[in-house]
Amino acid sequence: MEPRPMMDRLEAVFSIVPKAHAIADIGTDHGYLAVELINRQRAEYVIAGDVHKGPLESARSGFLMRDIVDAGPEPLEFYVLQPQNGQKELRQYMVQKGYVIVLEIIVEDAGKLYTAFLAVRNDCVEAYTGMTEYVDIYQSLPEDSLLWSVGALLEQDRPPLWMKYIEYLIYQRQCVLDDMTEKLNHTDKYQDLEQEVNFLRNLLENK
């Protein structure tokens, strides 16, 4: 079967999925990625799974990606993850579980920016990167660093969408600051957001 084009976000995810005998596509939605993983010979078998979204979303009680990883029967060789939120917690969790984040990407789809990353189990890094010695930037990153949320590899590589991505993160935080009343100006939350905005602006200035 001829390869079929997918939306940009899925094409970007596909691009960082290593070739494997079997791959699980969790949160598959319509199953386009699962089909193309087989169609383009990236995998021989694909397990596709999702949850019914209506009542789950309205109740605001979905599953965190880290919970799905934790509930798995065994630590897989690699995970390609595209979190919509909680990026800091997910990256830290994967590192704590013995995985190395070896690749991060940014993609724009329908006017929205998405990030995804490839996390490889420690003992499989050489097989998937071809490097006998790999410097794991996250191992030396302080736990409170904003780069856990932003993406330390993205900051290091600065891909074409980097500036637009950082400007968007600044915009998000600035909107929250602007909506906070004067009484909240001296709260820890306000000061934390101000520090994050300053940190992100410094990233833009240090090109």
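**Confidence.** I looked up mean pLDDT (the predictor's confidence in each residue, from 0 to 100) by element in this predicted model. Helices (H or I, at least four residues) and strands (E, at least two) are DSSP runs, numbered from the N terminus. Residues 56–61 fall below 50, and beyond near neighbours in sequence this stretch has three contacts in the model. Contact means heavy atoms within 4.5 Å. The chain averages 87, with 93% of the residues at 70 or above.

**Ground rules.** I kept to pLDDT of at least 70 for local features and 80 or more for side-chain atom pairs, while totals for chains, interfaces and linings use all residues. Numbering runs from 1 along each chain as its sequence is written, and side-chain values use heavy atoms, with hydrogens and water left out.

**Cores.** Which residues touch the most other members of the largest nonpolar core? I found Met-94, Tyr-138, Val-150, Tyr-165, Ile-166 and Leu-200, in a core of 35 residues. A nonpolar core is a set of buried Ala, Val, Leu, Ile, Met, Phe, Trp, Tyr and Cys residues joined through side-chain atoms within 4.5 Å. Buried means under 20% relative accessible area, exposed over 50%, partly exposed in between (1.4 Å probe, protein chains only). Elements giving two or more residues include β3 (78–81), α5 (87–96), β4 (99–109) and α9 (162–179). Apart from this core lies another of 25 residues, among them Met-6 and Leu-10. I then checked Val-150: leaving aside residues up to four places away in sequence, Val-150 touches Arg-91, Trp-162, Tyr-165, Ile-166, Leu-169 and Leu-200.

**Helix α5.** Seven of the ten residues of α5 are buried. Among them are Gln-87, Arg-91 and Met-94. I see the buried residues packing against α4 (65–70), β3, β4, β5, α7 and α9. Just after α5, Gly-98 has a positive phi of about 95°.

β4 is mostly covered, with nine of its eleven residues buried. β4 and β5 run antiparallel, joined by ten bridges. Two strands pair if DSSP finds at least two bridges between them. What is the bridge partner of Ile-106 in β5? I read off Thr-115. Two residues separate the strands of this hairpin, and Ala-110 in the turn has a positive phi of about 55°.
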